[in-house]
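I opened this entry to keep track of what I looked up, one topic at a time.

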Amino acid sequence: MSVQAGTYTNDFATINSKITLQGAGGMVEMVATVAPPDGKAILTTNTDATIDHFAFSGAAVPDGNGAGIRYQGGNLTITNSHFHNNENGLLSNSDPSGSITIRNSEFDHNGAGDGYTHNLYVGEIGSLTVADSYFHDASLGHEIKSRAHSTTITNSHIADGDGTASYSIDLPNGGHAVLTGNHIEQGPNSQNPAIVHFGGEGNDYAGSSLVMTDNTIVNELDSPSARLLVNQTGATATITGTEVHGLNADQLAYGPANVSGTSYLDSAPAADASSPSDGGSAPVPAPAPEPDPAPPAATPDTDTVGTAPGSETDGTHAGNPAPQDSQDASNGGSEPATGGTDSVQTGDPAAVDALYQAGLSDLIAQGNEAHWGPEAQQALFDFLSDAWGHDAGSGQALRFDTASFDSTANGAAVPPSSDYLFG
């Protein structure tokens with residue numbers, strides 16, 4: 001079906017029959033100024049569809065997960081198209097037998113600014129293929145996030161610019177991944193020091209593998225924690241033929257990886273910032289839609305850090321409970337906390353400010369105001385705020401590493417956890 005080029009405002013559709021939509025005479029601009037009536041997207045696809053020369057902008061819905069396109073199943077192919085200034089550029093439901101293919105397309109300035117929304121967010125599908133495309137300037141979220149069983153990204157330009165994106169490529173469940181011939185730039189305002197993230201959510205796909213070949217990497221984030229790859233799976237990644245600017249040899253990989261053939265560049269190479277969707281210069285971003293109200297503050301969560309020994313002689317004991325925690329990249333900084341014993345606060349608020357994926361931890365120490373009775377008692381820590389907006393049931397992106405009491409490790413009673421504290 002040919003669609004005449006032009007601007008179509010608040011023209012929403014759901015695709016239930018296999019179809020090809022082809023822009024005729026230029027770009028078909030699909031612009032949302034109100035929430036789509038299905039609460040999902042400007043275009044929602046439930047079966048095989050091919051979309052060519054379409055642009056999607058302005059998608060926003062009350063739950064914060066609006067998208068230019070919501071994929072709900074089948075085989076979706078997108079070519080010569082542009083997704084910008086949506087809460088998500090493209091958001092995918094799960095369909096383990098489905099596929100998404102993106103070629104010669106541009107995704108930019110998508111994200112609601114909450115860290116949960118991204119330029120491209122693909123759920124558990126069979127395969128994601130991205131080629132000859134340009135992803136840039138995501139708002140707090142990732143440039144590309146894929147839970148596909150197979151992810152292939154080739155000959156594409158992925159850049160944070162001056163934006164606040166997190167990972168350039170996030171593959172949180174692992175899978176079979178191939179990244180070849182890409183130009184990837186981590187910007188100075190990135191919210192996460194890792195450029196590529198592999199695994200780490202505790203449910204990695206069996207047989208996961210990652211091969212990165214002939215990529216150019218530019219790091220502009222001034223952080224000793226910056227890494228090309230953070231691999232949190234048990235699979236050994238392969239990184240070969242990489243040209244790197246802004247990272248040293250120790251910053252190429254955290255986690256199992258075989259690295260070879262790396263070239264270190266004195267200056268950042270120029271990248272093609274033209275728009276692949278029209279072959280011309282990168283377009284000036286359209287004004288962003290009015291932002292949704294900020295999410296409500298999260299209900300404070302409490303975690304039982306450990307059980308301390310009581311005194312056998314005088315019935316009390318002054319001690320210093322000190323949990324050591326780490327965090328995934330938080331939205332804007334550290335996680336403040338207060339500590340106490342048996343619901344009595346001790347000491348001033350402290351903060352966790354260490355990135356788990358970089359192997360760092362942060363100690364929260366409470367003063368000697370903690371008085372312990374002869375029975376086993378609990379040290380409780382309340383995390384008072386969370387910029388990600390998690391609720392009590394989903395955690396606050398924090399991890400518990402270890403704990404000590406009077407500088408004595410209490411590892412047997414308080415084992416470390418690779419999971420989130422509250423999740």
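I started with the aromatic rings of this predicted model. Ring pairs join Phe-54, Phe-56, Phe-83, Phe-107 and Phe-135 into a cluster. I then looked up the count of aromatic pairs for the structure, which is 4.

I took Phe-54 and Phe-56 next. Their ring centres lie 6.1 Å apart, with 25 degrees between the planes, and the pair is stacked. I checked burial for these two: both Phe-54 and Phe-56 are buried.

Then I turned to Phe-83 and Phe-107. Their planes stand at 5 degrees and their centres are 4.5 Å apart, so I noted this pair as stacked. Planes under 30 degrees apart count as stacked. I also looked up where the two rings sit in the chain. Phe-83 belongs to strand β9 (residues 82–84) and Phe-107 to strand β12 (residues 106–108). The two residues are 24 apart, and the pair links distant parts of the chain. Phe-83 and Phe-107 are both buried.

Next, the strands. I found 40 strands and 0 helices in the chain.

Strand β13 (residues 120–122) runs parallel to strand β16 (residues 144–146), and 2 bridges join them. For Tyr-121, I noted Lys-145 in β16 as the bridge partner.

Is Asn-88 buried or exposed? Its relative accessibility is 0%, so Asn-88 counts as buried. I listed its contacts, leaving out residues up to four places away in sequence. Among them are Gly-64, Asn-65, Gly-66, Ala-67 and Gly-68. Asn-88 also touches Asn-110, Tyr-116, Thr-117, His-118, Asn-119 and Tyr-121.

Last, the whole chain. Of its 423 residues, 50% are buried. The accessible surface comes to about 16,800 Å². Carbon and sulfur atoms account for 49% of that surface. I then took the contacts between residues at least 6 apart in sequence: 70% of them join residues at least 24 apart.

Technical notes. Residues numbered from 1 in each chain as written. Predicted model: local features only at pLDDT ≥ 70, side-chain atom pairs only at ≥ 80, totals over all residues. Heavy atoms only, no water. Phe/Tyr/Trp six-rings, centres within 6.5 Å; stacked < 30°, edge-to-face > 60°. Buried < 20%, exposed > 50% of the residue type's maximum accessible area, 1.4 Å probe, protein only. Helix = DSSP H or I, 4+ residues; strand = E, 2+ residues; numbered from the N terminus. Pairing = 2+ DSSP bridges. Contact = heavy atoms within 4.5 Å. Areas by Shrake-Rupley, 256 points an atom, 1.4 Å probe, with all protein chains shown as cover.
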